[in-house]
Amino acid sequence: MITIISGTNRPHSNTFKLSSYYQHQLLKKGVPAHILSLTDLSVDFISADMYKTRSDAFLPYQERINATEKFIFVIPEYNGSFPGILKTFVDACKFPDSFFNKKAALVGLSSGKYGNIRGVDHFTGVCHYVRLHVLPLRIHIPHIFNEFDTEGNLYKEDTVRFTNEQIEEFIRF
């Protein structure tokens with residue numbers, strides 16, 4: 001099973017749009033994928049699920065993570081790195097069984113010109129620590145506001161080609 005983690009809790013984000021695009025492209029190739037959006041976390045997620053007994057609200061997330069063999073992390077740039085909520089989510093998942101020896105693809109996006117290169121590098125270190133095997137082809141999409149057509153699809157030739165290449169490699173990974 002593939003789970004796409006939309007790596008921000010910002011409502012109506014380009015991160016979720018890009019996650020949906022990846023899901024649609026995988027489905028077109030006959031590969032089902034589920035989106036886990038961090039916007040759906042409970043408002044008391046940090047206080048309820050980090051250091052005490054897990055709340056019932058977190059159980060479906062943990063079950064989804066446990067059942068997943070491959071992850072696609074769609075990671076927006078926040079202050080030159082990745083969102084704190086994404087790190088907090090990874091920290092809240094059971095260690096080491098949540099991610100140990102599973103596989104991941106990383107997709108960075110930003111409104112600026114670098115496509116979250118630094119944040120994806122930072123998150124790669126987190127992935128290595130929890131023993132996620134990271135697909136070497138990491139995608140960085142800059143100027144994300146200019147990348148989608150009116151239906152929410154990527155339309156720029158290079159972006160479509162690179163994301164398609166990553167998806168194909170990830171299916172074989």
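Predicted model: local features only at pLDDT ≥ 70, side-chain atom pairs only at ≥ 80, totals over all residues.
1. Start with strand 4, which spans residues 103-109. This strand is mostly covered, with six of its seven residues buried.

2. Now look at its partner, strand 3 (residues 70-76): the two run parallel and are joined by seven bridges. To find your place in the pairing, pick Phe71, which sits opposite Ala104 of strand 4. Between these strands the chain passes through helix 4, and the β-α-β crossover is right-handed.

3. Strand 4 also pairs with strand 5 (133-134). They run parallel too, with two bridges between them, and here Ala104 has Val134 as its bridge partner. Helix 5 (117-129) lies on the path between them, and this β-α-β unit is right-handed.

4. The loop between helix 4 (84-92) and strand 4 deserves a look of its own. Pro96 is in it, and the peptide bond leading from Phe95 into Pro96 is cis, with omega near 5 degrees. Asn101 belongs to this loop as well; it isn't a glycine, yet its phi is positive, about 60 degrees.

5. Arg131, in the loop between helix 5 and strand 5, is another non-glycine with a positive phi, about 65 degrees. Is Arg131 buried or partly exposed? Its relative accessibility is 48%, so it counts as partly exposed. Asn101, at 45%, counts as partly exposed too.

Definitions and conventions. Residues numbered from 1 in each chain as written. Heavy atoms only, no water. Helix = DSSP H or I, 4+ residues; strand = E, 2+ residues; numbered from the N terminus. Buried < 20%, exposed > 50% of the residue type's maximum accessible area, 1.4 Å probe, protein only. Pairing = 2+ DSSP bridges. Right-handed = clockwise from strand over helix to strand, strands pointing away.
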